[in-house]
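User: Got a new model on screen. Can you walk me through what the atoms say?

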Amino acid sequence: MLRTFLARSSQPQRILARAIVPSTSSGIRFIATTSKPAPTNSEGKDCYLERLTGDDQGIAVLNFNRPKAFNALSRKFVGEFREALQELRYDNDARVVIIRSLVEGAFCAGADLRERSTMNMIEVRQFLTSLRDSFRELETLPIPTIAVIDGAALGGGLEMALCCDMRVGGGNKKVKIGLVETKLAIIPGAGGTQRLPRLIGIPKAKELIYSSKILNSAAAKEIGILNHAVTEESGYNKALEVAREILPMGPLAIRMAKSAIDKGTQFEIDSGLEYEQACYAQIMPSEDRLEGLASFREKRKPVYKGK
């Protein structure tokens, strides 16, 4: 049926920018946590941060909220996205980031092709450079990142989600996941041809990219794109559950573990092991390591400060 959807599209450019038209009913439902979101200056923003408090302090939520364009990646959106990432990069209190959409039926529909059509070639190149840089900034955040996909994540939307450490899919029928650029006679241009093969293997990635195939949550989980595919309409609660499991761990250890995995696995095994040891060495003089040993000896919960 998804292939039929693509085949019948009289305007294939909408596959990326406006693939799924959400209803005008209420937005995605997210069950509230015991923590109330910290006040945010979100008025007029397509992309903004909120910070959970109470027991969930340390979890930051990056919200996408551009409903008229299904979170399509415009210059304004990408600019606000990069601002939020820079804030998170230098925030020692943030320990886990959840990325979610507040727009029903869409995670991120990819490039804003309506805006793209008004750009000259120089502006297109400049925008693509900024977009690629923003995805790399997301990928290299030193703290864990979890993408919640409750709607369409097509083209650049999926490329963004691939930059996260983990991905959770909701169970509603509006979840559509795929790199569909070849349908438009182009290729994934923001890292999709590099990150997807590294995640699920070259043969599977080639099949998905060559065919512009679109997957639901269950299929994306089976093929290895998603860590979790829930039966509930939204995957936010599962993402929050995963974030809560990470939250009590030593924050310096998590940062070094992420670096060891992301960078070390790009080397051959001996160099990777050496890089792992270099990461370990940075933790040795930390207060948190001593606190971990003391809490184990005293049979109590550790209190880590990220020092």
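Analyst: Let's start with Phe-70. This is a predicted model. Phe-70 is buried, with a relative accessible area of 6%.

User: What is the phi of Phe-70 like?

Analyst: Positive, at about 55°, although Phe-70 is not a glycine.

User: And where is the place of Phe-70?

Analyst: In the loop between strand 2 (59-64) and helix 3.

User: Is Ser-212 buried or exposed?

Analyst: Buried, because its relative accessibility is 2% and the cut-off for buried is under 20%.

User: Switching to packing. Which residues touch the most other members of the largest nonpolar core?

Analyst: Leu-62 and Phe-107, in a core of 47 residues. Helix 3 (residues 75-89) gives the largest share of this core, 6 residues. There is also a second, separate core of 17 residues, which includes Leu-52, Ala-239, Leu-240 and Leu-247.

User: What is Leu-62 in contact with, neighbours within four places aside?

Analyst: Its partners include Cys-47, Tyr-48 and Leu-49. Phe-81, Ala-84 and Leu-85 are also among them.

User: Arg-100 is a charged one. What does Arg-100 form a salt bridge with?

Analyst: Glu-50, with the closest N and O atoms 3.0 Å apart. The pair links distant parts of the chain: Arg-100 is in strand 3 (residues 96-101) and Glu-50 is in strand 1 (residues 47-51), 50 residues apart.

User: Are those two buried or exposed?

Analyst: Arg-100 is buried, and Glu-50 is as well.

User: How many salt bridges does the count come to?

Analyst: The count comes to 16. One of them joins Glu-80 and Lys-76. Their closest N and O atoms are 2.8 Å apart.

User: Why are Glu-80 and Lys-76 separated by about one helical turn?

Analyst: Because they are 4 residues apart in helix 3. Glu-80 is buried at 11% relative accessible area, whereas Lys-76 is partly exposed at 40%.

User: Which residues are joined with that pair into one network?

Analyst: Salt bridges with shared partners join Asp-46, Lys-76 and Glu-80.

User: What about Glu-104, which residue does it form a salt bridge with?

Analyst: Lys-174, with the closest N and O atoms 3.0 Å apart.

User: Which residues line the largest cavity?

Analyst: Among them are Asn-92, Ala-94, Arg-95, Ile-143 and Pro-144. The lining also includes Leu-247, Met-249, Pro-251 and Arg-255. Helix 11 (residues 251-264) gives the largest share, 3 residues.

User: What is the lining by class?

Analyst: 8 nonpolar, 1 polar and 2 charged residues.

Note on methods:
Residues are numbered from 1 along each chain as its sequence is written. This is a predicted model: local features need pLDDT of at least 70, side-chain atom pairs count only at pLDDT 80 or more; totals for chains, interfaces and linings use all residues. Side-chain values use heavy atoms; hydrogens and water are left out. On a 1 Å grid over the protein atoms alone, a cavity is a set of points where a 1.4 Å probe fits but cannot get out, and a pocket is an open set with protein on both sides within 12 Å along at least five of seven lines; lining residues have an atom within 4 Å of a point. Helices (H or I, at least four residues) and strands (E, at least two) are DSSP runs, numbered from the N terminus. Ala, Val, Leu, Ile, Met, Phe, Trp, Tyr, Cys and Pro count as nonpolar, Asp, Glu, Lys and Arg as charged, and the others, Gly among them, as polar. A nonpolar core is a set of buried Ala, Val, Leu, Ile, Met, Phe, Trp, Tyr and Cys residues joined through side-chain atoms within 4.5 Å. Buried means under 20% relative accessible area, exposed over 50%, partly exposed in between (1.4 Å probe, protein chains only). Contact means heavy atoms within 4.5 Å. A salt bridge is a side-chain nitrogen of Lys or Arg within 4 Å of a carboxyl oxygen of Asp or Glu.
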